[in-house]
Amino acid sequence: MDSGTITVGVAGNPNVGKSVIFNALTGSQQHVGNWPGKTVERAAGSFTYQGREIRLVDLPGTYSLAAQSPEEVIARDYIISGEPDVVVDVVDATSLERNLNLTLQILELTDRVVVGLNLMDEVERMGWELDVAELEVELGVPVVPTVATEEEGLPELVEATVEVAEGRRSTNPVQLDYGLTIEGHIETLQEDLTRVGIEERSRWMALKLLEDDPEVVEAFKRGDLTALGLAAPPASAEALQTLLRQAVRLREGTRPDAKVEIVRRRYELAHDVVHRVVHRVRPEAESVTERIDRIVTHRIWSWPITLAVFLAIFWITIQGGEIAGGWLDAGLSRLIDGARAWLTRIQAPWWVIGGLVDGLLVGVGTVIAVMLPPMTILFTAFALLEDLGLLPRIAFNLDRPMQVLGSQGKQTLTWGMSFGCNVTGVMASRIIENKKVQLTAILTSPLIICSGGYGAGVALVIALFGDRALPVMLSLVFLSLGAASLATFVLNRTLFRGEPGGFVLEMPRYRMPKWRQVAWRALVDRVAHTMWRAVQFAGPASLLIWILGNLPPGAPFEGTAVGWLVRTLAPLGDPFGLTGEMITALLFTLPAKEIVVPALAMTYGLQTTLVESEGVLSALPQMWGPLSSYTFMVFFMLYLPCLVTVWAIWKETRSLKWTLMGLVVPLTTASVITFLVYQGGQLLGF
């Protein structure tokens, strides 16, 4: 413990109020990042209590410390590291038996634990009485009842945490009795561990060896136990290998299975503890959550409800995005005119005016005007649905059709986010615990039409198809969903073969969202961070596009770099009904699909700036036929993701392989579908 600072790890199952307690205590004094070497989010914050700085680290929500998922590994490794002076285990008092499974595992790792018994108001509503003093005796550590949403019990929780950290409150954690056979094996392995110099956490390590824990077994195989909290290997690699073989013999000779017996004993103790400390005092009234869930998760009614929720969010995002985008666009136009006038007044060179205004300012401004409104609406809407408790129900409802594709319901949530922005869809994959399904969600999210593609696509479809614009646009939206579903099915039959990914889903009770907190987290933690990255990519890329269209100075269109690209790329588009101008324009829209119209204007030589004009929109219907127009729209909606989405894929996977796959999957899918549409259209005489 550093002088004046107490470090606290906040652990617990998902949806127990852990983050509510963290946010209530730290307020704005917090920051969010990723755990070193991991894509799982890490939140840390601090506050002052009686002159002491308390530093909180919000550990990922997990049901176990069995090292079966990144969240479990992170939570366990952090506790083992010795960095936290105290671990606060937040427990859902309404599901005490299930939650105590994690509590008992934490107590096997450290005796510096405080249990925060949350949702005590729900316990009272359910007609139960929970003997907190008796539970404290059973567990051997402080237990503090709380109602996190009302901040009740938080001062007492902080006080107990400080007392344990400073040694003013002793703890004596309960030690499980795993039965005669398992306890005999534990004793044997502890003696062997002691002989090779391992005394710290020897009981826990013996248990992990008997459970065949992958992380612990791998550490013994490598002969390097630093990952298990030991500063240096205390014994030779040979001695550790011998000990590992001894553990294998003991484990394989145990009937019933050692791992199953260990887990069974934990739940048995949790069951016994709950029956001793929880008592019914009056009949339970049917809760609001149960009444609503009878409809929301109904076998039939769940489908129209789920569809209505998505349509409402989609409609609000599009309508709100258009209105706010119009305001931003108007402000952007005034800024561009003002910047151009000022640079002209000071007699800046043409290339400075063109590069800064027509390239950099227009490109970055367009990205902000189109991306910011829908991203803000979507992030806030989904955060509110999650806070309300509706988001898990949507994932549950959509799980059945996704199982047919070899996936699970949570992937559909990432697709819903992708309608606003593919970046948000990729980032939303963090909610998926199954690694296979998470990668599938990341690779297929770029196939969903984002707001940028949608906004620019609407303008093009109206210009190209006139009165038929609405059915054409609807066909593109459904084609996008079909392409994502097809890609999911193919990926799960090739790269990710195996059983459909199951998942554990917590169904929290419905609660009124904390509107201000939700909006603040959505805007600061998500929107601001993502928009800054978008600007970093869009700025240089937009400037480069302007340079390519205007060099060498004074050259005719055919002599510019853009003209050369048009001629070079033209043969590639023949099988798909795409011209060289189309393919070059699509390359230019990689920074942001919103600039497709000015990009087409540049590739057709209609103008030499990125400033959008009506000229290209009125000229395109005469230059393209109906079939070429439709194939272009199909390819434009499905092809490569924008550069910001590519960055998001890299950030989530930290893998060059999967980042490249994030380009290959949408490009291959778009090519196949566009080829079939064009060739089929020709056969039908269109």
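1. In this predicted model, V8 stands opposite V86, a residue of strand β5. The pairing to which these residues belong joins strand β1 (residues 5-12) with β5, and the two strands run in the parallel sense over five bridges. Strand β5 also pairs with strand β6 (residues 113-118), again in parallel, and here six bridges join the two; within this second pairing, D89 stands opposite V115 in β6.

2. How many residues of strand β5 (residues 86-92) are buried? Seven of the seven are, so the strand is largely enclosed by the rest of the structure. In a regular strand the side chains alternate between the two faces of the sheet. For β5 both faces are covered, with V86, V88, V90 and D92 buried on one side and V87, D89 and V91 buried on the other.

3. The buried residues are K436, V437, Q438, L439, T440, A441, I442, L443 and T444, and they pack against α17 (410-418), α18 (422-428), α21 (469-493), α28 (643-653) and α29.

4. Helix α29 (residues 656-683) deserves a point of its own, for its axis comes within 9 Å of the axis of helix α27 (residues 626-638), and the two cross at roughly 165°. An angle over 145 degrees counts as roughly antiparallel, and α27 and α29 are therefore roughly antiparallel to each other. Their crossing is right-handed.

5. Which residues of α27 and α29 meet? On the α27 side they are L627, Y630, T631, V634, F635 and L638, while on the α29 side they are P666, L667, A670, S671, I673, T674, V677, Y678, G681 and Q682. The residues of this contact divide into eleven nonpolar, five polar and no charged.

6. E151 has a positive phi of about 60° although it is not a glycine, and its place is in the loop between β8 (143-145) and α6 (154-165). R201, which is likewise a residue other than glycine, has a positive phi near 55° and lies in the loop between α7 (180-195) and α8 (202-210).

7. Leaving aside residues up to four places away in sequence, A599 touches A585, F588 and T589. Between A599 and L586, which are 13 residues apart in sequence, the C-alpha to C-alpha distance is 7.8 Å.

8. Finally, the chain as a whole can be described. There are 29 helices and nine strands in the chain, and buried residues make up 54% of its 686 residues. Among contacts between residues at least 6 apart in sequence, 73% join residues that are at least 24 apart.

Technical notes. Residues are numbered from 1 along each chain as its sequence is written. This is a predicted model: local features need pLDDT of at least 70, side-chain atom pairs count only at pLDDT 80 or more; totals for chains, interfaces and linings use all residues. Side-chain values use heavy atoms; hydrogens and water are left out. Axes are lines fitted to C-alpha atoms, for helices over the stretch in contact, and angles run from 0 to 180 degrees between N-to-C directions. Helices (H or I, at least four residues) and strands (E, at least two) are DSSP runs, numbered from the N terminus. Angles under 35 degrees count as roughly parallel, over 145 as roughly antiparallel, 65 to 115 as roughly perpendicular and the rest as oblique. A crossing is left-handed if the near helix is turned anticlockwise from the far one by less than a right angle, and right-handed if clockwise. Contact means heavy atoms within 4.5 Å. Ala, Val, Leu, Ile, Met, Phe, Trp, Tyr, Cys and Pro count as nonpolar, Asp, Glu, Lys and Arg as charged, and the others, Gly among them, as polar. Buried means under 20% relative accessible area, exposed over 50%, partly exposed in between (1.4 Å probe, protein chains only). Two strands pair if DSSP finds at least two bridges between them.
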